[in-house]
Amino acid sequence: MTLSCFELGERMLSVDETLEALAAMTPPSVATHRVSLAAAGGRILAVDAVSPIDVPQNTNAAMDGIALAWPDDAPAGDMLVDVVGDVLAGARLATSLAPGEAVRITTGAPLPAGADTVVMSEQLADVGTPGRVRVERPERVRRGQNVRQAGEDIARGQRALGAGTRLRPQHLGLLASLGYAEVEVFRLLRVAVFSTGDEVTAPGESLPPAGIYDTNRFSLQGLLSCLGCEVIDLGILQDDLDSMRASLAAAAREADMVVTSGGVSVGQADWVKPALTAIGELGLWRIAMRPGRPLAFGRIHQTGGVTVPFFGLPGNPVAVMVTFLQFVQPMLRRMQGEHDWQPSRFTALAAELLKSREARVDYHRGVYTSDEAGQLWVRTTGRQGSGILSSMVTANCLIEIGDGCAAVEAGAPVTIQPFGDLT
């Protein structure tokens, strides 16, 4: 039986347990609406796109040349062909061709009835007689060549794209080829983001002697924007229980999810957990991983029985990004309707000794490359402290070292998670 995170108690959870619990606690996908195809880039398709036509609509020429009705008695040597007309792209010939007859044709033009082969212009020679051409070296010509069959790409009634597809440029082109002017997509998710801590200072302000600039809120906004979310920026919260409780409640009234950073460990001024339990419930807050062990997940209660998921991410900037990629991203994608999404994972060989610790999953920042033989190799970016945000700038992947491994020797296989288009 699968347990929700609200039944797991206070113990330290493995990464897999956390992912399973969060999957079970994901709210239903948000509502849908119709948008123009031009505005659909990056959105999640809400219903299957079924083709109303054959693509291509007509059997057509894949080359400029002649469309030939293959003769019943094709000669072994050069073939003389009667050319009885012309067909340009966008036009069609109403009459049928008899065996041995042909029409001049351009790429994309529909083949006339009776024609089954396209001979490209480079294989033709003028014989000096109007309306006749010679097919040179016919042994190089195959019956049926250079012809695109109607429906060979997508047949009428076929599912072209499934619900849950994140629409990339190639998907938009495909939908356009089917005649779609509008599509049904899930609405944009609204995610409220704020940072916590009296020491946190907004960029552009004078930095106090004991202050740090707020980096996490901007990293999170960037990640959320890449996922197509509508970001509600609520700034920096004070380390005060009453103001934090009020801010969390107000954020939940506006957003589909609330995400904070900092204030989720056991420090004297960490108010996120008590504020959450005052207006909702805490599900989990300790995960056997590095970076990112202190991570709070819970629900904020609203009137009418509505609950809004809440993530309280760590304060260190690398831990914020790693925990977002591992835990927040999957839930957001499911809420957006992208239910079949899974993170990309590849196997690479370690270019150096990778140290870890058993009983936790380590996520090193890495750089993977391919050698001349196509083998992937990965090395770390150097120092792996959770406050070294430059390691995320240098990296193009996370190196995932499982909780049963104390080290990965140089040359041994290891799992990597490429950043793809999110970082």
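Select R132, which is partly exposed, with a relative accessible area of 31% (buried means under 20%, exposed over 50%, and partly exposed in between, with a 1.4 Å probe and protein chains only). The model is predicted: local features need pLDDT of at least 70, side-chain atom pairs count only at pLDDT 80 or more, and totals for chains, interfaces and linings use all residues. Residues are numbered from 1 along each chain as its sequence is written, and side-chain values use heavy atoms, leaving out hydrogens and water.

A salt bridge here is a side-chain nitrogen of Lys or Arg within 4 Å of a carboxyl oxygen of Asp or Glu. D82 is partly exposed at 33% relative accessibility. Helices (H or I, at least four residues) and strands (E, at least two) are DSSP runs, numbered from the N terminus.

Next, show the sheet. In what order do its 6 strands lie? The order is β7-β4-β6-β5-β9-β8, in an open sheet with mixed pairing; two strands pair if DSSP finds at least two bridges between them. At the edges, β7 (117-120) and β8 (124-126) each pair on one side only.

Move to helix α4 (residues 241-254), where R245 and D242 lie 3 residues apart, about one turn of the helix. These two form a salt bridge, with closest N and O atoms 2.6 Å apart.

Finally, select R34, E182 and E184, which are linked in a network of salt bridges.
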